[in-house]
Amino acid sequence: MNSSGTVIGKGICIRGEVSGEEDFFLDGVLEGNITLTGKRLTVGANGVIHADIVAGDLVVFGRVEGSVKAAGRAELKHSAVFIGDISATRLSIEDNATLQGYVDLTEAAAAAKKEAAPKKKASAPAAEEEEEAAEYVEQYSEAV
């Protein structure tokens with residue numbers, strides 16, 4: 001881990017809200033909420049979190065109970081136990097990791113649809129041409 005992140009050791013217990021704009025490594029216990037704007041939260045092998053989490057990326061070696069909204073990737077390593085809901089653009093689960101809950105990986109698809117929406121308006125005539133072509137093929141198939 002680089003020197004710009006925060007490290008909480010396994011002997012520390014935090015109750016409350018944690019927020020910040022740098023990477024965060026937790027090997028202790030945290031109960032509450034975590035908000036890391038676009039940054040990575042890493043839960044060490046001894047780490048235990050009972051919290052709702054909003055982060056850029058999430059890497060779990062320990063135990064997490066709560067809901068997670070990751071703007072990027074969520075990774076559950078071999079020793080991870082995750083109980084709760086995950087919303088992320090990508091999810092990686094290693095062998096022997098435990099996941100119990102709901103997974104939502106649709107944020108990337110929704111963002112792609114939003115970007116494509118203006119293009120669809122401009123290409124409406126093209127969509128009409130495709131429909132006409134499909135009808136022509138259908139009529140031709142029936143005739144043969």
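**The salt bridges and their surroundings**

The structure holds 6 salt bridges, a salt bridge being a side-chain nitrogen of Lys or Arg within 4 Å of a carboxyl oxygen of Asp or Glu. This is a predicted model, in which local features need pLDDT of at least 70 and side-chain atom pairs count only at pLDDT 80 or more, while totals for chains, interfaces and linings use all residues. Residues are numbered from 1 along each chain as its sequence is written, and side-chain values use heavy atoms, with hydrogens and water left out.

An open sheet is formed by 6 strands in the order β1-β3-β5-β7-β10-β13, and the pairing is parallel, where two strands count as paired if DSSP finds at least two bridges between them. At the edges lie β1 (6–8) and β13 (90–93), each of which pairs on one side only.

Within this sheet, strand β5 (residues 40–43) runs parallel to strand β7 (residues 57–60), and 4 bridges join them. Arg40 has Asp57 in β7 as its bridge partner, and Asp57 also forms a salt bridge with Arg40, in which the closest N and O atoms are 3.9 Å apart. This pair links distant parts of the chain, since Asp57 is in strand β7 and Arg40 in strand β5, 17 residues apart. Is Asp57 buried, partly exposed or exposed? Asp57 counts as partly exposed because its relative accessibility is 24%, given that buried means under 20% relative accessible area, exposed over 50%, and partly exposed in between (1.4 Å probe, protein chains only). Arg40 is likewise partly exposed, because its relative accessible area is 34%.

The side chains of Lys77 and Glu75 meet in a salt bridge of 2.8 Å, N to O, and both Lys77 and Glu75 are buried. Lys77 also forms a salt bridge with Glu94, with the closest N and O atoms 3.6 Å apart. Lys77 counts as buried because its relative accessible area is 17%, while Glu94 is partly exposed because its own value is 32%. Salt bridges that share partners join Arg73, Glu75, Lys77 and Glu94 into one network.

Ile93 is found in strand β13, and Ile93 is partly exposed because its relative accessible area is 42%. Together with Leu99, Val103 and Leu105, Ile93 forms a nonpolar patch on the surface, with about 270 Å² of accessible area in total. Such patches are made of residues with over 30% relative accessible area and no salt bridge, like charges being joined within 9 Å and nonpolar side chains (Val, Leu, Ile, Met, Phe, Trp, Tyr) within 5 Å.

For the protein as a whole, 28% of the 144 residues count as buried. The protein exposes about 9,000 Å², of which carbon and sulfur atoms supply 51%; accessible areas come from the Shrake-Rupley method with a 1.4 Å probe, and for residues only the protein chains shown count as cover.

Key:
Helices (H or I, at least four residues) and strands (E, at least two) are DSSP runs, numbered from the N terminus.
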